[in-house]
Amino acid sequence: MTRQHGVRPHQLLVVCLLSLVSFPASAQRLPGGVTPTNYTLWFAPDLEKETFRGRETIAVTLAAPAASITLHAAEITVGEVTVTDAAGTQSARVTLDEQAETATFTVPRAVSKGPATIDITYTGILNDKLRGFYLSRANGRKYAVSQMEATDARRAFPSFDEPAYKATFDISLMIDAADTAISNGRQVSDTPGPEPGKHTVRFAPTPRMSTYLVALLVGDFVCRSGSADNTPIRVCATPDKLGLTAFALAAAEQQVTFFNKFFGIPYPYEKLDIIGVPDFAAGAMENAGAITFRERLLLADEATASVEVRTDVARVVAHELAHQWFGNLVTMKWWDDIWLNEGFATWAANKPVAAWKPEWRLDVGAAAETQIALGLDVLRSTRAIHTDVSTPAQINEVFDPIAYEKTAGVLGMVEAYVGPEAFRKGVSSYLEKYATGNAAGEDFWMEMTRVTEKPVNRIMKSFVDQPGAPVLSVSSRCVSGATEVTVRQQRFVGTPDDAGAARTAAAQTWTLPVCIKTGSGEPTCTLVTEREQTLRAPGCGAAMVNADARGYYLTEYEPDAVAALATRTPALTAAERISLLGDEWRMVRAGRHDIGTYLDLAAALAGDETPAVLKDLAGRVGYVMAFVANAGERPAFETWVRARFRPALDAVGITGGIGDSDDTNSRRGTLLQLLESDPEVQQRARGLAEGYLAAPATLSPTLVGPVLQVAAAGGDAALYDRFMARVTAASASPEDYYRFFNALASFHDPALVARTLAFAMSPQVRSQDTPVLLSMLLASPASQGPAWAFVKDQWPAIVAKLGVFQGVPGVVNALGAFCSTDRATDITAFFKANPVPEAARALQQATERISACAAVDTRQSPPFARWLAARR
Ligand SMILES: [Zn+2]
């Protein structure tokens, strides 16, 4: 799955949501002893009534005789149930446990050991909660679509809904005569009836797979067809968006061919469909052979899409495709090892895309992803990659940057240590060994250790089982032509305040490869296993202690060494610059370095030609403006920012040529946003935005988003009305819709902020998009105060619209952008009175982020004032 904070229902099922709030589903594991081998599933959705009928036969094997069988079911009305074994067929009594989300079938005579079949008829609802078998709407009609991961297959059919219970699936659907259906298997028949006005579509049996990978889609979807290595591939959408499917299809064709070779195992399914779904909670979902997507991440016209959207589409398609091997073919035994799915897919996604579009510099992208993980991992409330989970709410909360970006970063570090080809072989061997089965974390690292003959197990174990990230404090000296680097490792905690936690953290050590780059030669790598170790590298000069930024650790340099690295020859790579900026920022946040060290480093890199580097530092300079500089200091700091960054903008030009490279336009966009309070920049952006409204071809697609946002920041009601008209009009492409939609959250005028807040809760905004708008408003200093007041005031309506499972945790997470202890207290008190167990971890992390920000302000204010005074 690809994450996306955004989700959930409109009016429906308030009762159910309330019951979830007061009694969190405590779904324990199934008792075991009964193993499914095949499901034969028949569905008859009724789009008008928003319900469906189901018939199901489950072939099972009993390990011992049993008079009752328990499986999962939720929001399902079970009709007749029979159980058949060698001795005959018996009717079963059905007992439902709503809290555990289970159904128990009890028969008079114990079912004998060995094979048996369970026949079930039932009905369910096509819900508005974007989970299970649910309802989507577009173009004045309804669709029935599905999202089973993590624990929602049980809402579509009674099932052994745990990832280790793999089985084959024979699926058929009876649907309206004019509609089509898509599922995991290839379509094998399409026959009229049997009911009037219907036809029945049957799909080929699937290979063994987990219940969370079942896909069902019904509606008027249309597809563009292609193929790769004899696998038929289609990209499908609602009919109005068929024209936007070619780019994703080209990406998928290249990627299937690439992965077939890379993994050394052919794509495991008979066909591949990729479908854009109008209402979709996550970013995308890797259902076996039938991948579903949020439209924004799939449907784009290559010629008019920004580089950001093109990259997103290619990377997310690659992520979901990688899952066909990592997750679908080999599946984690339980959700505590979700990293085996998500970390691998995140790591693998960059491979085909880097080969396809080298100009996108995905090595730099990987370094930026590691920074996302570190941002969470420096909190005391972070979690270990392997975390015990049992309830659906706990399972839902571990789809986070630890499972995705941290794991990908750790895998990248091990890959750099053992060498890419050895690592690829280890991965391939692991997939081969566990194909169609299940594996746990140690199965992976033991296989990698065997294949590479290096202590991968020790490295992986120390990073998977322990929370947090190590920081290496380094001091280096030149000794007869070589650099001697002493490194001391400890856990980095950005908010050290409680002594007990600090002691626990201090006891942690990791086994990690450290690669040092001195002169221009190859990095020298050593496995660090001790708390303190001295390493040697040939040559002297400023030593980069995280060569190529492949290590998952922070480095604490002496402040002088930071300045030397920024200007060293040969220059640091772009990935290394991102790593250095990230490290230095965290030293500032933790109070280990003064803020001036970071700002001087940022200024030295103002003209950086890599968009990701510039974006990174611009965000932090903006943070200093919002949360460190006080009202009295702000004008002087703005003057400093303009003096340092305006020349970089002038060098690329505010407008630029329509034919400029993607990189140039990305940098231009970032600089415009950083300098949005500059009156000339503001005025020019307004002109460009108006020009774009009148004639879209006048502006480079990559520049449109930033220009609209900068114009909005200084915009008035007249401009707001024009943006809103574009949001509410039928849109040519998802990207164009979201450009204007996102820009609504950038207006600073309080009256316009209020309008956007009201709009977010209106029926015009899909429940999948409301959290996006609320999160942006909560994150921006210009709107976060009124946005939080609105959220508190509208809380029951927000919970009802978004649902507690994905939308609400996203909003809670966004509260972490506040920066005062009063606000943290207020937020804590609010959620004490309005508890959301499904967002427990999100709340803990958000309040810790707020306290950390407030502490930065307190700690860095005096050094900031001194630094600023020295630069007036
Ligand atoms: Zn995923």
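Good morning. A residue is called buried when its relative accessible area is under 20%. Please keep that cut-off in mind as we look at this structure, which is a predicted model.

Let me begin with Phe-43. Its relative accessibility is 0%, so Phe-43 counts as buried. Phe-52 has a relative accessible area of 1%, and therefore Phe-52 is buried as well. These two residues form an aromatic pair, with 6.2 Å from centre to centre. The angle between the planes is 55°, and the pair is tilted. In total, the model contains 54 aromatic pairs.

Aromatic rings also meet charged groups here. The ring of Trp-42 has the charged end of Arg-55 over it, 4.0 Å from the ring centre. Likewise, the charged end of Arg-296 sits over the ring of Tyr-738, at 6.0 Å from the centre of that ring.

I now turn to the metal site. Which protein donors does the zinc ion have? Met-1 contributes through both N and O, His-319 and His-323 each through NE2, and Glu-342 through OE. These donors lie 2.0 to 2.4 Å from the zinc ion. Along the sequence, the spacing of the donor residues reads M-x317-H-x3-H-x18-E.

His-323 belongs to helix H3, residues 307-323, while Glu-342 belongs to helix H4, residues 339-356, so the pair ties together parts that are 19 residues apart in sequence. Are these two residues buried or exposed? The relative accessible area of His-323 is 0%, so His-323 is buried. Glu-342 also counts as buried, because its relative accessibility is 0%.

Thank you for your attention.

Note on methods:
Residues numbered from 1 in each chain as written. Predicted model: local features only at pLDDT ≥ 70, side-chain atom pairs only at ≥ 80, totals over all residues. Heavy atoms only, no water. Phe/Tyr/Trp six-rings, centres within 6.5 Å; stacked < 30°, edge-to-face > 60°. Buried < 20%, exposed > 50% of the residue type's maximum accessible area, 1.4 Å probe, protein only. Lys NZ or Arg CZ within 6 Å of the ring centre and 35° of its normal. Donors = N, O, S within 2.8 Å, 3.2 Å for Na, K, Ca; no water. Helix = DSSP H or I, 4+ residues; strand = E, 2+ residues; numbered from the N terminus.
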